[in-house]
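Hi everyone, thanks for coming. Let me put the structure up, and then we can walk through it together.

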Amino acid sequence: MVFDYAVIGGGIIGTSVFNKIIRKGKSCVLIEKELDLSTGATKANSGLIHAGFDAETGSLKAKFNVRGNALIEGLVKQLKIPFKRTGAVVVGNDLEMLNTLCERGIKNGVKDLEIIKDDELRKIVPNLNEDIKYGLLAKSAGLISPYMFAIALAEEGAKNGGVVKLDYNIQNISYKNDVFTISSDIEKIQCKRVVNCAGAGFNDVSKLLGVEEFPIKFRRGEYIVIDKSDFVKLSVFPLPTALGKGILATPTIDGNILLGPTAEDIDKYNTETTSLGIDKILNYVKTTFKNVPLSKNIRQFSGIRVSVGEDFIVQKSKKDGNVVLIAGINSPGLTSAPAIAEYVVEELFGEKNEDISILPRESYFQGDSGKIVCRCEKIGENEILKALNSPVPCLTVDAVKRRVRAGMGRCQGGQCMIEVCKLIAKKYGLKLEDIKKESKNSFVMFKGDDYEN
Amino acid sequence: MKTDVVVIGGGPAGMSASLEASKQGASVVLIDVESRLGGILNQCIHNGFGLKHFKEELTGPEFAERLAQKVYQSNITVMLNSYVNYVGKNKVFVITPNGQEEIECKSIVLSCGARERTAGEIYLKGKRLAGVYTAGTVQKMINFYGKLPGKNAVILGSGDIGLIMARRLTLEGVKVKSIFEIMGHSSGLRRNIRQCVEDFEIPLLYNHTITRVVGDERVEGVYFAEVDENKNPKLETEKFLKCDCVLLSVGLVPENSLLPDETKREKFVVVDDERQTSVDGIFMSGNVLHIHDLADNATEEGEIAGKFAGLYAIEKLKRYDKVKVYFSNKVSYCMPQLVNKKEDGKFTIYLRANDNFLKKYIKVKCGDVDICKKFCIGITTGEMQEVEVEYSKIQGDLFVDIGD
């Protein structure tokens with residue numbers, strides 16, 4: 001068949017666009033080169049739905065952020081994933097700068113902004129150091145699981161006729177008689193229109209399409225994950241700098257605490273954590289907070305933000321009107337995703353009809369959990385099986401982890417990783433040594449006999 | 001469901017606690033999340049267990065089997081594949097494969113063991129690659145499933161599980177390229193250093209740590225360096241070592257998240273000589289209380305906790321005034337931290353030293369009087385020491401010290 005659309009890149013932007021196209025009643029295929037969706041920037045960010053006061057007024061970032069924030073509530077209800085409007089606060093002593101931010105927010109269309117101080121500030125951030133006096137409170141900010149958001153969007157799309165192709169390594173794209181042919185080593189996909197939202201791989205895809213490439217820069221952000229705690233109950237930002245929104249302390253939708261990110265320009269896509277980065281976070285939080293529960297530190301990770309200049313790029317290719325280019329999506333990309341998808345599908349592609357009614361996605365967490373597999377996060381075998389049997393293939397240990405949180409707790413999979421491998425192996429008729437952690441060659445374990453000398 | 005005593009965890013401590021509680025005449029429900037009793041003993045297929053408790057050398061599964069058989073011969077109700085979700089006042093909430101169950105009880109013994117410290121907890125730098133595992137996970141991988149984590153291993157930390165796994169990997173044909181220990185000494189048993197490392201000529205580098213784990217999708221190597229007196233790596237000593245897996249043996253953490261928040265804690269949860277916590281009716285034993293060197297010791301502790309939890313449940317537990325146990329800076333901790341002033345009999349104080357000592361005495365003082373003095377040829381930080389005290393000699397708070 002010839003699909004109406006192909007979306008290349010299975011991060012939050014790709015899954016949002018894919019979902020929106022399906023809601024317009026069009027056929028669509030979502031193409032991802034890795035073994036799971038949301039394995040790039042989407043899996044490694046702060047998980048925040050921003051209010052929208054940060055971005056320059058008039059920028060795409062400002063426009064999509066505020067619109068995205070408004071769209072999120074309806075979407076998460078339909079997708080059956082958790083979302084909480086906890087609010088966010090920017091803290092500091094530069095009242096003038098906070099006022100500027102506040103005014104910018106109002107100009108951007110952000111509601112519920114207010115400057116707070118003293119008792120009011122202490123009340124919402126009890127662990128803030130005494131010498132920090134003011135805060136800009138944005139009540140419309142919230143928390144979401146970024147990877148679960150992307151996966152749920154894709155699952156709903158797949159349940160309603162969309163096709164998700166994982167592990168699809170594009171070798172060639174050709175165009176003939178108004179039809180694109182996107183070929184891998186073993187397969188061909190045909191479609192009429194293409195969206196390139198391949199994130200860090202954007203230019204590789206553009207090259208194959210013969211359309212615009214952009215100078216993409218990488219900026220690494222390291223994070224520390226703390227086990228469940230009520231250290232902060234909303235996202236606490238420092239005053240922003242040229243490098244970004246700064247190191248924040250935020251709860252996650254699942255109750256953990258995230259400290260980070262750092263901001264370091266790097267030449268190559270590299271998700272290493274470093275002593276320099278981690279020390280920077282530790283030093284910062286100690287100067288801003290008291291009672292930091294660092295003894296409950298369970299993990300560190302780093303995410304790569306791509307950028308092409310200051311603003312997002314969301315446009316039709318000037319070389320080919322059937323191709324839409326989405327690039328340089330860094331913060332607030334997660335919040336903006338629903339708005340970007342709406343803009344791309346309705347404005348750029350002109351699919352202006354009302355959304356059709358579609359079948360709802362099923363949650364993994366219905367009914368009995370069964371035998372508990374992940375003890376730290378209390379995840380049962382039944383829940384893992386539901387994730388394994390959902391409309392988007394769930395092939396790896398990390399894919400299970402993103403969907404149900406098995407392995408996300410304080411023992412970091414020490415107790416359940418092999419159990420999860422067993423369940424994946426059983427589902428797909430594989431052996432334990434075939435199971436991968438995340439990417440194609442990330443085998444968890446090997447067969448014993450391979451090592452007979 | 002109703003019972004006198006609920007024991008949470010079916011490892012050596014939990015099984016022995018159940019047996020002792022049952023012996024007192026209490027009805028007992030023993031709950032474990034796994035599908036068989038034994039806990040971590042089941043994956044410890046090496047020998048060296050039981051010398052103290054059974055007076056013969058057994059493997060882990062044999063040790064577990066002996067206790068499990070006794071459990072099944074008694075009136076103890078065993079609930080397997082069951083996970084305790086929450087402990088309330090005289091109530092335990094359990095998730096079973098068939099749904100949720102609430103068990104009413106009079107006392108509770110927590111014997112749910114410990115978990116291993118992870119790469120995240122020690123801020124291990126680098127990518128989060130396949131091939132970095134805790135030593136216990138690899139033990140399970142090899143001993144339960146016959147799979148290997150790689151063929152060239154590096155071990156970080158020289159705790160007992162790490163030492164045991166160095167030998168286990170070697171026997172399975174994996175080259176153990178090096179063990180790195182950030183401290184100047186191992187926290188493992190001396191016999192394990194000899195039998196698992198020295199006998200196999202595995203390099204064990206003290207005052208060294210891994211600075212970075214590198215690789216593309218799986219581990220391809222580590223950078224390691226010597227550390228200074230503050231345990232910070234000296235970067236000028238950093239070197240690369242090729243390997244395809246990293247095992248972590250960097251300590252165990254008691255898995256005591258089920259305890260009510262109000263339970264009094266110091267370095268470990270505070271218990272008395274009967275292993276009762278500050279919350280009436282909640283007892284603890286095994287690694288959930290403090291980390292033991294030997295399953296035999298955890299078993300003995302289970303017997304103590306089980307006995308008094310049983311007596312408590314059938315309202316036969318006598319109450320006494322309690323004294324506190326303090327200790328000097330040569331000791332890193334003592335257990336128990338509180339002692340009932342009973343008229344007669346003996347109890348044991350367990351302690352760990354802060355440093356290694358040669359030919360010293362462990363002394364228990366009450367006021368200015370040494371009420372107990374035990375000569376030790378060698379005391380190491382890795383080995384738990386014990387000293388027996390007579391209740392009748394207790395006049396007031398106790399002070400534990402190491403000296404001449």
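Let's start where the chains meet: the contact takes 36 residues from chain B and 39 residues from chain A. Two residues are in contact if their C-beta atoms, placed from the backbone, lie within 7 Å. On the side of chain B that touches chain A, β6 (83-88), β10 (114-116), α3 (135-145) and β12 (147-148) of chain B each supply at least two residues. Which of these gives the most? That is α3(B), with five residues. Helices here are DSSP runs of H or I with at least four residues, strands are runs of E with at least two, and both are numbered from the N terminus. By class, this side of chain B has 12 nonpolar, 12 polar and 12 charged residues. Ala, Val, Leu, Ile, Met, Phe, Trp, Tyr, Cys and Pro count as nonpolar, Asp, Glu, Lys and Arg as charged, and the others, Gly among them, as polar.

A quick word on what we are looking at: this is a predicted model, where local features need pLDDT of at least 70 and side-chain atom pairs count only at pLDDT 80 or more, while totals for chains, interfaces and linings use all residues. Residues are numbered from 1 along each chain as its sequence is written, and chains are lettered from A and ligands numbered from 1 in the order in which they are written.

Now chain A itself. It has 11 helices and 23 strands. Its radius of gyration is 22 Å, close to the 22 Å from the globule rule for 453 residues, so chain A is as compact as a globular protein of that length. That radius is taken over C-alpha atoms, and the rule is 2.2 Å times the number of residues to the power 0.38.

Chain A is divided into domain 1 (2-42 + 147-216 + 309-348), domain 2 (84-143 + 218-307) and domain 3 (372-451), with bounds from an automatic or database domain assignment. The centres of domain 1 and domain 3 of chain A, taken over C-alpha atoms, are 28 Å apart. Their contact takes 15 residues from domain 1 and 14 residues from domain 3 of chain A. Helix α5 (residues 146-159) of chain A gives the most to the domain 1 side, with seven residues.
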